[in-house]
Amino acid sequence: MTNDKINLKIITQQKVVFENDVDAFYTNAEDGAMGILPNHTPLICALKVGVTKAVQKGREPVFITTMGGILQFSENKAVILTDLAELGDDIDEARAKEAYERAKARLEAHSDKVEILRAQFALAKAIARITAASRGR
């Protein structure tokens, strides 16, 4: 591999969801949104629930939901380890919108702190899925 590409691999416990050489990728760290270009300084960071965007010159970007996890980057190799990840093209957008509405209703209906946190997490997942699905089309 030349120094102008990044080998990006997104892995769950079940499978490798995405693996390809990319020109750049963008993701959501706990500290905020970040972009990684070739030859970036090595790093390890925690990720939030969100969408990772993989960019390859001359091709449409690929959008992948990443439901939290860890990003490790070193020597133009990036690995995202996450509990759940989906390619935007594989997401049923209508189902994701239904999940969003259910999570929103749960959030409004509960006052218990644990239930609110669960509803907020479900809402964040639904938003990530809708975002990845709509950008991938």
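I take buried to mean under 20% relative accessible area, exposed over 50%, and partly exposed in between, with a 1.4 Å probe and protein chains only. I note that this is a predicted model, in which local features need pLDDT of at least 70 and side-chain atom pairs count only at pLDDT 80 or more, while totals for chains, interfaces and linings use all residues. Residues are numbered from 1 along each chain as its sequence is written, and side-chain values use heavy atoms, with hydrogens and water left out.

**Two asparagines**

I looked up N39 in the loop between β4 (32-36) and β5, strands being DSSP runs of E with at least two residues and helices runs of H or I with at least four, numbered from the N terminus. Phi of N39 is near 65°, a positive value in a residue other than glycine, and because its relative accessibility is 52%, I count N39 as exposed.

I then turned to N76, which lies in the loop between β6 and β7 (77-81). N76 is not a glycine either, yet has a positive phi of about 60°; with a relative accessible area of 5%, N76 is buried.

**Helix α2**

I followed α2 over residues 113-135, 23 residues in all, and found that its first and last C-alpha atoms are 33 Å apart, close to the 33 Å expected at 1.5 Å a residue, where the expected span is 1.5 Å times one less than the number of residues. I list its buried residues as A119, L123, A126, A128, R129, I130, A132 and A133. These buried residues pack against β5 (43-55), β6 (62-74), β8 (85-87) and α1 (93-109), with contact meaning heavy atoms within 4.5 Å.

**α1 against α2**

I recorded that the axes of α1 and α2 come within 8 Å and cross at roughly 155°, the axes being lines fitted to C-alpha atoms over the stretch in contact, with angles from 0 to 180 degrees between N-to-C directions. α1 is therefore roughly antiparallel to α2, a term for angles over 145 degrees. By class, their contact has 13 nonpolar, two polar and seven charged residues; Ala, Val, Leu, Ile, Met, Phe, Trp, Tyr, Cys and Pro count as nonpolar, Asp, Glu, Lys and Arg as charged, and the others, Gly among them, as polar.

Last, I checked R95, which is in helix α1 and counts as exposed because its relative accessibility is 55%. The C-alpha atoms of R95 and I130 are separated by 9.0 Å, with the two residues 35 apart along the chain.

How values were computed. Parallel < 35°, antiparallel > 145°, perpendicular 65-115°, else oblique.
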